[in-house]
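Each question below asks what stands behind a label or a value. Each answer sets the value against the rule and concludes.

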Amino acid sequence: MTAVVPLAATAGLLFAIGLYGMIGRTGLIHRLLGANIMASAIFLFLVVLSTRGIEASADPVPQAMVLTGIVISVCITAFALGLIRYLRVMTGEDELRRSTRDADGQSADD
Amino acid sequence: MIPLSPVFDVLLGLGLLWLAWRVVASRGRFTAVVLFMVFGLVMAIAWARLGAPDLALAEAAISAGITGALLLNACKAAYADPGHPQPGGPATPPPSSARRWLVYAICGGLGTALAATMAWLALGRPDVAPELRDAVSGHAVDNPVTVILLDLRGYDTLLEMAVLLMAFLGLRILMGHRDLAGLHPLPEGVPSMADSLVAMATPILLITALYLFWTGTEAPGGAFQAGALLGALGVMYRLTGRIEPLDHTPAALRLGLILGLGVFAGFACLSLIWSDWPLSYPAMATAGVALTIELAMMISIAVTLTLLFSGSAGIRLARAPVQGP
Amino acid sequence: MSISTVLTIALVVAGCAFFLAGTVGLLRFPDTHSRLHALTKADNLGLGFICAGLAVHGGSVTGALELAFVWALAMMAATVSAFLIARWADWTSDQ
Amino acid sequence: MDSFLMGAALFLLVNLGVGLTRLYRGPEPADRVQALLLFTTTTVAMLLLLAHAEGSPALIHVALVFVMLAAIASIAFVQLPHRIPEE
Amino acid sequence: MTDPPPLVMAGHTALLLGPLICGLLVYLLPWPRFRDAAPIVLSAGLLVVLWYLSGEMLGTGPVTLALGGHFAPLGIELHVDALALAMLWLTGLVGLAVNVHITASVNLTERFGPEGFRILWLVLWSALNALFVAADLFNIYVLLELSAITAIALVAVSRGPEAVAAATRYLFFALAGSLFFLLGVALVYAKTGLLALRGLESLQWHGPASVFALGLMTLGLAMKAALFPVHAWLPRAHAIAPSAASALLSALVAKAGVYLVIRLWSGPFDGHWPEFLGQSMAVLGAAGIAYGSIQAIRQSRLKLVIAYSTVAQLGYLLLVLPLASVLAWHGVIYHALSHGLAKAALFLAAGNVIFMVGNDRLESLSRGDHRLAGNAMVMALAGVSLAGLPPSGGFIGKWWLINAALESGQWWWALVVGGGGLLTAAYVFRVLRYAMAEPHPDDGRPDLPVKRLPRRMFWPPMLLALGAIALGFAGQWLVPILALGRPGNIAG
């Protein structure tokens, strides 16, 4: 199949773009979207690996891995959005402070 | 004449890259989210081009049905929730230019290295192991991806069901924060037109989901795609107010949440009776057992995804659907 | 070249033309409302023509029914979406 | 014939790429969502074309799923508050 | 390959799925008594199972199991050797202690707290057991995600903005970590078409791709384990989590990441990395020891001291990479075990302090109240093992590491171990000084009454701390077990 080289290279660059979103931005939604793009990049690479020309059937293992990965990433995304939302309600901020002072909160077993 | 498909693939790749760049570089949250939804669409085309219809189905159901709605909902929450700002000075200062350049350098270097490595590795990818081919082609279940998911790598799938459940329980723990009780995204003023669309879509979605579930053993489809589609139906119901949030989880929902994981884990233990290994299928009834597990997983996936979107401890059907203006 | 081939090509080309029109409308029309107007008509007509062309190409009745189903659903979804978005946009411009 | 269908899909892809500028430029949130709707329809058409060009009927189901779930985005969108601060 | 006896298989199934199924039952049937008793019964049962499996393994050597009967390259394999067995024991012991401790400690007024805590922890337990025996790269990825999401949720059991912020920070680190790991896995699969560690070990595929993949996976695991340069999330998350959860996170979850680094470097990737990479990993470990210890000395809150101590103590484990000898291998297993026991004891004891006094500021320790004395004893015992003073498990571990460093002529690592021990002693004795100090006579603070500590909260950390000490006496007796299944690069 012809799609192999361009899409594999795309996957590599996509990962870097997602990484930029994750470490270069401060807004948590942007960072989360960056992580999702990184995940998509890996999935794209895995699916490129599974292709085997027209006549032979594809390698099912990467496809199964990607299916598992998609479900896991939607779970993490949902959980992360919940955390981001509660963080916003509690602190009024959409980003994590880069402060170095000690965490002053109490743990739950007080 | 230049053959068309390489051109298509190159354009597809460039489109993906441009979209991804706009997603991470856009200023506004809402723009980023909408662009990310388009990214999901184009990703589905990529799966279709790469001969992975199973994944295209899952991507369609999850990105259009679940992730998109979740992200839009997060935007809404960000605009609607008042937030109680904490004293303690401004948030993070803008990053210094040295730090910015460092980030560019890391991403650029890694991207170049990865793109080269991946293209090189993809060209020389090894053949599928012959024993794997035999195991898949001689299996009672016809769809190779389903064989991997349910039998050969069934343990991963079991754990993935656990991840689903844990995502919900994690949210549930957050909801337990008493001081924030009642923080549910409530739909407001849903027009009757949307409601009638949902009413019409319900039977179609149900039939499609069951069809995907049923053909999953021999053709693309299966518990994940069907469950995600049903979860998307739940999202629609929640959006139009046909489902109301509850602040506790009724027993039936608890059962629905753990059904897939419970049946899978129970099967793993039971299989020690007829075999030396956990998670091995009885020789006579492989297809039947696989279908039972898939059914349980489909129900759990649908229930969990709906609850994850709803962001509440429980849900119930509204007595009278909301009729807006 | 058989008649069905010619028909398919004609229909698919027509469909593509409508999509092109939709995109041009999206880019060139001045305000949200006229864009909405242009869009919902153009792209669903385009999808309809492509479905018709593919139905001729496939040549099977079930395949054609499936395509018709896709088209009908798309029409429904587009109608409702356009209505909702127009109302939402109205609200914004009223304020 | 297959390459003709492929060509049509390619045309739609280019079309989509051009339309992206509207999505990026906005200015109204409604414009962005409209563009999203147009892209959904375009994607559906491309999937149908690819299904016939590559002889993979399962892709028609993918198109069907997209069509069925297209309304979710707009229903979720119209529940956003009417003032979006950052745009 | 000979099949193991059915009972061994059943035992491993119980380890992998028992906690998970118990968690599901607790979720389905949330009666308080069942909720409290079931995990304790389960952990006692699993310790019996572990005893049996250890005995079997002494006879048969390391075991390779295949889930569903599909050996590599078809399916998912599990591999149990001495290192895995040690970690399983650690998980079982810490698990038992935590299960007893939480019957009294997790806040009962929360609506979902007690129940949710148990389910999350039980599933986390299953995931950890599975991680320690995992021998398949993608399986490890799924388990990493499962353990991360449960661990983050456990941090979020605590209330307040700081807890949510700590959990969010943890989430983003864990997310990045698992993505890097998965990327490495994808590269390995692209190069070899294999996911099973056993298959990779027997394959010759040295080259830049394998080093690249190893680097990405190590980076990912380092983020999960909070190894030195990417440790930023750990202190806050571990300090803010409920103390029972902190015990689990520090003693087990963070360690699982380092465990996997060692597994990969010494197993399938042995011989792929040039010598200097091993040295530089150990340099990072040493930097972690220095940084974590110095930060621990500077903190004013007990749980932060213990959390920074985790950053430091994990660094020792990386020393096995350049040393690569039998003695170092044993030392690392020993260090992992005794650190796990001592750290869990310390966190549970810190939880007891919070329970009794209401906060964990170091000054609060010097109340001069006899009710704090028993708890101070626990901290002293655990601290002795942590600092590597004889006679304790920590001492043996560090002693073997120093000897291994001297034997191989890399004396600088012996200096690192010794210096790290001194720094540890510094922060341990700083804490103990507060605990032993007489309260200042004209200390203006109104002394709130110190709550009485239930026995269910006192004995678990006490026994863990005693266990960490007792390990010091069991060294010679455990050596035959430690010798089972050393990786290839550790010469016999």
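This is a predicted model: local features need pLDDT of at least 70, side-chain atom pairs count only at pLDDT 80 or more; totals for chains, interfaces and linings use all residues.

Q: Which chains share the most contacts?
A: Six pairs of chains are in contact, and among these chains A and B share the most contacts. Chain B contributes 97 residues to this contact and chain A contributes 71 residues.

Q: How do you know that chain A and chain C do not touch?
A: Contact requires heavy atoms within 4.5 Å. The nearest C-alpha atoms of chain A and chain C are 21 Å apart, and the two chains do not touch. Chain A and chain D do not touch either, with their nearest C-alpha atoms 10 Å apart.

Q: What makes up the area buried between chain B and chain A?
A: About 7600 Å² is buried between the two chains, and carbon and sulfur atoms give 75% of that area. Helix α4 of chain B, residues 97–123, gives the most to the side of chain B that touches chain A, with 15 residues. By class, that side has 64 nonpolar, 18 polar and 15 charged residues.

Q: How many salt bridges does the rule find across the interface of chain B and chain A?
A: The rule asks for a side-chain nitrogen of Lys or Arg within 4 Å of a carboxyl oxygen of Asp or Glu. Across the interface of chain B and chain A it finds zero salt bridges. For polar contact, the rule finds six residue pairs there, both residues at pLDDT 80 or more.

Q: What is the area buried between chain E and chain A, and how many residues does the contact take from each?
A: The buried area is about 4000 Å², with 73% given by carbon and sulfur atoms. The contact takes 51 residues from chain E and 43 residues from chain A.

Q: How many polar contacts and salt bridges does the rule find across the interface of chain E and chain A?
A: The rule finds zero salt bridges and one residue pair in polar contact, both residues at pLDDT 80 or more. The helices that each supply at least two residues of the side of chain E that touches chain A include α5 (137–155), α6 (161–192) and α14 (326–357). The largest share of that side, 19 residues, comes from α6(E). By class, the side has 32 nonpolar, eleven polar and eight charged residues.

Q: How do you know that the span of α2(A) agrees with that of a helix?
A: Helix α2 of chain A covers residues 28–50, which is 23 residues, and at 1.5 Å a residue these should span 33 Å. The end C-alpha atoms are 33 Å apart, so the two values agree.

Q: Why is α2(A) called largely enclosed by the rest of the structure?
A: A residue is buried under 20% relative accessible area. In α2(A), 23 of the 23 residues are buried, so the helix is largely enclosed.

Q: What makes the bond between Pro390(E) and Pro391(E) a cis peptide bond?
A: Omega is about -5° for the cis peptide bond that joins Pro390(E) and Pro391(E). Most peptide bonds are trans. Pro391(E) lies in the loop between α15 (373–387) and α16 (393–407) of chain E.

Q: Why is Leu279(B) called buried?
A: Its relative accessibility is 4%, so Leu279(B) counts as buried. Leu279(B) is found in the loop between α10 (251–274) and α11 (286–310) of chain B. Leu279(B) has a positive phi of about 70° although it is not a glycine.

Note on methods. Residues are numbered from 1 along each chain as its sequence is written. Chains are lettered from A and ligands numbered from 1 in the order in which they are written. Side-chain values use heavy atoms; hydrogens and water are left out. Buried area is the accessible area (1.4 Å probe) that two parts lose on being put together, summed over both. A polar contact is a pair of N or O atoms within 3.5 Å; within protein, one must be able to donate a hydrogen and the other to accept it, and residues adjacent in sequence count only if both atoms are side-chain atoms. Helices (H or I, at least four residues) and strands (E, at least two) are DSSP runs, numbered from the N terminus. Ala, Val, Leu, Ile, Met, Phe, Trp, Tyr, Cys and Pro count as nonpolar, Asp, Glu, Lys and Arg as charged, and the others, Gly among them, as polar. The expected span of a helix is 1.5 Å times one less than its number of residues. Buried means under 20% relative accessible area, exposed over 50%, partly exposed in between (1.4 Å probe, protein chains only).
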